[in-house]
Structure formats: structure tokens, C-alpha cells
Amino acid sequence: MGGKGSPLTYEKSLTIEICGSSGDRALAAGEILIKTLSDIGYHVISFDAYPAEIRGFGKTVAHMRAGREFMLSLSRKVDILISLSDRYAIEQLRNLNDEGVVLFDNRPNNVVYEDLPHDADQTEAHRLGPGVYTEKEGWKTPTKDDVSIAGHLGPGMYLYGIPLYQLSQKTTNESRSRNIVVLGAVAALFNVPEKEFINNLTAKLGKKDKSIESIIAAFEEGRRYVIENIVKLDPYSFEKLSVDRKSYRLMDGNKAVAQAAIDMGCKLYAGYPITPATKIMEILSDELPRHGGVVVQTEDEISAIGHVTGAGFAGVRAMTATSGPGFCLMTEFIGYNVMSENPIVVVDSQRGGPATGLPTKTEQSDLNHALFAGNGDTPRIVVAPTSAKECYQWTAEAFYLAEKYQTPVIVLMDLFLSLSVRNVSLDPIPDYKKGGNKFPTQEDMKLYLRQKITDDGVSPRALPGLENGYQAVSGLEQNEYGTPVYDELSHTRMTEKRFRKIQTALENDVPLPQRIGVSGRVKVGVISWGSTTGAVMDALDSILKQGKSVAMLKVIVINPLREKEIQAFFDDCEKVLVPELNYEGQFANWLSMHFQKKLYRYNKVAARPITHDEIEEEINRLLEE
Amino acid sequence: MDHYVKPEVYYPDEDIRQVREKGILQYRSERLPTWCPGCGYFGIETALTNALSSLGIMPKDLIIVSGIGCVGRYPFFVRGYGMHTLHGRALPVASGAKLARQELTVLALIGDGDGLGIGAGHLPHTIRRNPDITCVLFDNAIYGLTKGQTSPMTPQHQVTRSHPQGNPDPRMNPVLLALSYGATYVARGFAGAPDEMQNLYEEGIKHKGFSFIHIMSPCVTFDKVNYLYENLRKWVRPLPQGYDSGSLDRAFDVARGTEVFTGVIYNKPFL
Ligand SMILES: Cc1ncc(C[n+]2csc(CCOP(=O)(O)OP(=O)(O)O)c2C)c(N)n1
Ligand code: SF4
């Protein structure tokens, strides 16, 4: 191997896709690759559900981005496409960078082996020459569908053919290790250190029945083949970075949420399966019992939030997680917990809507519902983490806030946050956040009033088991003595109290929104929420390097809003851009309810995350306009 | 609950302590029931509090969860921890509370519209999961709180406010439903027979697992034809001498039969 590969490495990042049909184990290869890149010091993010074109049974795409600098979003273009199934990978070519690289299985006689059973007759294959084997028809002449990806590349692209099939057969006596051979080729072509690769291969596959020796042989064979036979022409490569990433773990947002629940002492999780939140229940079902908790799979989401409500009243931290349709069913209980001042944590991982919508596609269109769901005046806290790391931090925070302010807290994430894997280093949760309840004092117990009106709006909360802390909480309006009431004065005072609490939370526990970029006056300011914030931060990184007058404000707590700070930011901005993954501009609308500023909206319902390049283009457009 | 700082326990109320020491438990809150005079729910309340008292369950260790309806008001009239939840949703909330605090006694009080109409979906699943809670169905065969519409327990053809031409649909059979889904304690009582009810409650609360107690109770205000005290007195009769409540077959016979037997219809001890 020779050629020009310089340790880049590429200015920002490289996006890699491994595409195959279902038996090709492209996702397993992707998992090993991303873990290895993370181990050698790169920041990574992977999102296998991306891009939107994945459809039809059988096609799988492992999609990942790796770079030297911290990043939170995906790129629109792919730099390296690894094909384990040309039929599917050809469709992926449209996303390939003009100077992208394609690795493919260079087979003798153009035979498409992907569906070849282990015991198929090789002699027959060679006798017939170029052909396709299918289970139904046996060997046949190739059609348009069967041709190799080699003929589809654009002029500036790089193509490397590697005889994955033969090398796999040679080392493991079967064709299924093509995904391992190709990783060996990737190691050699893009300078990914062998040692970390082999560690991860062993960790992931070592437990399986097949001997790990033959797998490593397959890997080595792919590597050797490239070193001996391929001249590297493309400019992309990695290297082992000298950074310490020991504290980093690969996890997706769902795992981060589940981990936070465990670390916060959540003792009851109730849920009903729904994409993309199901995984939270699955993780907790496995882990919570070991921490003295229980998981209930309920008959519906009403029952799920009902269980959480009961547990919350009983004095135990509890949580449910769902997606839009399930969140709709929970609406009445959101109001109930507002009225009865009961702590609950509800995670809504948004997907395309309305109704059943786009179950496997990401969107940020439940904001209206999270903010307003429920009849009557129903103040609640809504937080929207922007990364896996923040999914951990803000789920923990949600437990704390719910307990401290005796209110529902809604954690809004989305399918992209739920399912994309990143390497994150979690900040430990401070101990004081693990117990926020305002217990009654001795003074309070002289005449215990559950609904006592206080300056900060928070009443002392006795938990069952305490003598004389008796109470009957209700979804009816009650006076301080807990009696249901319907008069103007009581309703006014109690409504004020419920809103006052949220105001107290704002003053004491809502951090200032983080401003990034140029300080003082700027031409364009971006304000964003949820997972789109990652794309904005990545875009800003690149734009700031060009010395442009841009800043952004990251808002995590959507209600209550830090109005003063947001207003100050708006005052600094000539133009304010609000990008979000919904059609109406739900966040922009929410801001318009609080501020006079004209907002430049950027809305997409793309069924995929907004990318940093798209935001960058939009900011540049506004700068030039 | 180790993650909670446990507050000190105070006994500010001398009276309560004395009451405790004397062995009488006071479950009545300072709020008087707002039910219509003559409502069957008074009898249910008395029998239930007597049962709690005789079992020695302390108010501090009691959570009463109710739904919405006239029955839903129950927690307001009781000293203890109570949750007046949403229409139809007492069972999930009670289950959650019990799972969270196994040491507490949790009662779920449901109405016939509440628990068999809007919230009926929770019943089979709660039975399946078999939490150790006691569910009392206050069945007055009418929607009381909303003033007299048809409930899932209203007999077919009965004229109600929502069906002036007569209820077109047959009524439900809660005892059969509970048995079908595998409830391990199923009983039926009548609001006019407090001693029997008290016994059913005590057995139900003692029973490990989900217990289901169907109580037939007159709504004196909105039902002038069906569940009248005199009718119910005529209809109900105790289970025959020697009835084997351990036999599921016999229980099904009772549930399907035309005679309205009261007592412990099925009781499968927890193994
Ligand atoms: C979601 C919802 N729908 C409707 C109502 C109105 N509602 C209140 S009580 C009730 C019927 C109660 O009947 P039942 O459960 O039989 O109890 P009862 O009043 O007879 O004791 C209805 C329909 C409500 N509170 N909530
Ligand atoms: S309306 Fe009927 S059920 Fe309700 S309190 Fe009056 S009598 Fe009882």
C-alpha cells in the first residue's frame, strides 16, 4: 500500500456508512468500528436509522460520523461507503461526497454472492460464469439489479475492490465473515490501529460459538490484502490520538435516560412499548430489579402514568417514557398531577406525527403538546436535553425538580437522541439532588395542611407512613384544608400557588441558557432546542472559524423560560434564527408568546435530523441577505 | 425508600394517641360525607372503616385510592392517606402505590361507571398482575354523580336519563369478569348488610393478592326502579351452607346463575 493518505485528518470529521442486506451483519461491523474509533480518541456519533431512504425489508445501514472535535450532529454527506450488498449500496451512492470512497466486494466473474448459501456448488458457479444465485431460481444471468456498484460511481470518487467473499471463505470457511474482512481492510486503508480493533472484535464476538481465532484471521486477511494489493489514492485517514477518553462511554439517549433513573433511585418504571422509547423500559427491566426497583409493562399509557402517579404519591421516585401517541393518552394524568401537586417524570421521545405518524423517524413536533397538554391552567416543567450527556443530566434533574416542586416534569427527547450512539462522559449527579422533598416541619405538623399556601408556592408534603400527615389529594380544586371547593377566592389563590411554584423553580433551579459564539452584538443569533441544537453547535464551530459575526443560545428548560436572558440575547442579535424539526415552528411560536422579536424560522419535516451543513448554509444565507 | 430522609414522627395530636392506646381507631375525618341521605354508600363506608379498625390497620399505613363518581369522594371522609384520582383510573394508581410501598394497605374504590365503563380496560390487567390490593366495586347500577344516566350495570330496557326509550344494551357481570381473568378473591355484598360486608372486606384485605368485592348499593336519588333497598333485600341471599369457596367451578356457577348470592364466592389462598 502506498499513496497519499496523510494523517488528517480530514478537517472536521468523516462520515462512514456500512450497507448490507439483513444477513450481512453490517450493524455489528458498524458497532465494532465506532467503538474502535472512539477508543483511539475520536468523538463519534452513530445513527443507524439514518438516512430516511432506508426502506423495504432487508436493507441495513450502519451510519456513523467520527471527528477529532466534539460534535453533536450528523453530516449530510457520506465520505466512506462500505458495501456488503451492492444492490442496496447503489441507492446510498446519492449521499456520497463527490470525492467519497467506496469499498466493495470485488467478486470473480461479477457473481453476486450475497444470497449464496454456505453449501452452494462453487463449481457450478464458475462453470456458468457471471451470474446470480437465488434460492428460488438457482443460478441465473444477472439483471440490472445484480450489477456491481463499480459501474455507478461518479468521476471524482475512489473505488477499492476487495475480494471479501473469498477471504472470508478462506479464513472462516463461510461467507458470513465478510463484515469482519472489510473491517481489516478499513484498518489498513484508513490507518485505524489494529490493536483496538482486535480488542473490540474479541469483546463483541469472542463470546459467540465461533472461534475468535478465525475471526481475527479474517480481519488480518482483509488488512493484509489491502497492504499488499491496494494503492491508496483517497485523502482520508485516522490515527491514534493522544487524548485520554477513559471516562467516555458509548451510549444512546435511551441508555442515558435509564441510567439517570437508576442513579436517582427511581424505584418504579411503568410503560407501554412504543418506538423509540421502548428501549428505556427494556434496559430498566433488566437493571432496575437489581437496584430494588420494579418495572411494570402496563396495558396502556394511561395505566403507565397512573402507576407512576400512585408511586409518586406513596413517596417513591417513578418514571414513565413514551412517544407522541402514548403521551396523548397521558394527558389527563398530566393535569391530575398538576392539580394534586404530585411529582412524576414523563419522558416523551418524539417521532414523526400526528397520530401514528412516522414511527421510526425523528421529529420535534410534540413541543406544543408537552407545553400545553391538559385542560385548565396546567403549569408544568418541560426540559429538552440536546445530547445523550444531557439526557442523563436532565433526566436526573427532572426527578429532582418533580420532587422539589411537586409537579409533573416532562423530558422531551426525540428519536434521534434516543437511538443515536455517542461517546459521552457523564457528570456525576450531586448528592443533594437525590432528595428534594419538602417534608413538614414540627411546626407544620401542629396542623398539617397538605395544600398549605406558602410564599414559594410549595407546600410541605407528608408521605404515607407518617402519623397525622393525613391528606386526600384530588384532581378537584381544594382549599388549604383539602376540602373540595368551587369559589372564586380559593380557585384564584390555588391557581396562583401552582404557578408561583414554577416561578420559584425558575429562580432557584433553572440554569442560565448557555451562550456560545461572538459576544456582544452579532448579525445572526441562533436560538434552538432539543437535538437540533447539536447541529447548530457544530455549524457554529465551523462558521466561527471563518470569523463571522454569529452567536447561539442553547435553551434546555423550555418552561419556565429564562426570559430576561433570552431577551438580552435577542437585543444583541440583528436577526434571530430558530431552526427546528417541525412544520409550524412550535418553539418559534412559544418564543413569540413571550418576546416581540422578529424570528427567522427554519423548519423541516425531513424525517431525519437537521444536519450541521444545512444550518451552516442557512446562517450564511441570513448573513448575506 | 432508603433514598429519602425519613422525617421524625410526631404525635402532636394527644387525642389520636389516646384513641390509639385505647385500641379504637378513628377513621372519620372532620369532613362529613356529602352523599344524599339514604345512599347505600354510607353503609359501605361504615363497614369498611369497621373492617380497618378491627384489623388494626393504622391510618398512617393506609392509602385509599378512588376514581370519580359519588364513590370517588370517599377518601375525603376518612382519616388516612387518600387519592381521589381520575374517572376510571383508581386501579393503576393503587397498583403503583402498592408496588412502591409494599408495607402499606392499599384500597381501590371504584364505581360501576368508573370501574366497568371508562376504566374497564384496567380491570383484567390488574387482576392478571395480581397486586396485593383490595378493590371494592360500589355498584349502584346508575351514574350517580352525573345525575342518572345509564351505567354498564343498568339492566337492559331500563329507562334512564340518557336512555328515555330504555337502555338498549345488556348489563355487565362483574363477578364473572373477575373470575374469568383469574381473580383469586371474589366476593359480593349488599350495602344494606353491614356485618356481612365488614367480613368480606376483612377477608379481602387479609387475602394476599388482588381481591375483588362487588357491593350492590342503592342510589336513592336517581334510581327509582332497580336497586331499591326493598328489591335488593328480596333478591340477595347468602351463599348456601357448605358452599365451597375454594372451587372455581362452583364460583362460575354462582356468577352465571340467576340467583344473587352474597358472600365469598371464590377464595384461592395464596401459595
Ligand atoms: C374523563 C371523564 N369523563 C366523564 C366524567 C364525568 N363523570 C363523572 S362521574 C361519572 C359517572 C360516575 O358513575 P359511577 O362510576 O357509576 O359512580 P357513582 O357516581 O354512581 O357512584 C361521569 C360520567 C369525568 N369526570 N371524567
Ligand atoms: S346520587 Fe345516588 S349514589 Fe350519589 S350520593 Fe346520591 S344516592 Fe348516593
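A: Accessible area here is the area found by the Shrake-Rupley method with a 1.4 Å probe. The model is predicted. By that method, chain B exposes about 11300 Å², and carbon and sulfur atoms supply 54% of this area.

Chain B is built from 9 helices and 8 strands. Of its 271 residues, 58% are buried, where buried means under 20% relative accessible area. Among the contacts in chain B with a separation of 6 or more, 66% join residues 24 or more positions apart.

Now to the ligand. Ligand 1 is located between chains A and B. There are 18 residues around ligand 1, and the nearest of them are Y41(B), C70(B), D112(B), D114(B) and N140(B). Sorted by class, this shell holds 8 nonpolar, 7 polar and 3 charged residues. The element that gives the most to the shell is helix α4 of chain B, residues 112-118, with 4 residues.

Some contacts of ligand 1 involve the protein backbone. A polar backbone atom of D114(B) is 2.7 Å from an oxygen atom of ligand 1. For G113(B), a polar backbone atom is 3.0 Å from an oxygen atom of the ligand. A polar backbone atom of G144(B) is 2.9 Å from an oxygen atom of ligand 1. As for cover, ligand 1 has 580 Å² of accessible area on its own, and the protein covers 77% of that.

Key. Residues are numbered from 1 along each chain as its sequence is written. Chains are lettered from A and ligands numbered from 1 in the order in which they are written. This is a predicted model: local features need pLDDT of at least 70, side-chain atom pairs count only at pLDDT 80 or more; totals for chains, interfaces and linings use all residues. Side-chain values use heavy atoms; hydrogens and water are left out. A residue is near a molecule or strand if one of its heavy atoms lies within 4 Å of it. A polar contact is a pair of N or O atoms within 3.5 Å; within protein, one must be able to donate a hydrogen and the other to accept it, and residues adjacent in sequence count only if both atoms are side-chain atoms. Helices (H or I, at least four residues) and strands (E, at least two) are DSSP runs, numbered from the N terminus. Ala, Val, Leu, Ile, Met, Phe, Trp, Tyr, Cys and Pro count as nonpolar, Asp, Glu, Lys and Arg as charged, and the others, Gly among them, as polar. Buried means under 20% relative accessible area, exposed over 50%, partly exposed in between (1.4 Å probe, protein chains only). Contact means heavy atoms within 4.5 Å.
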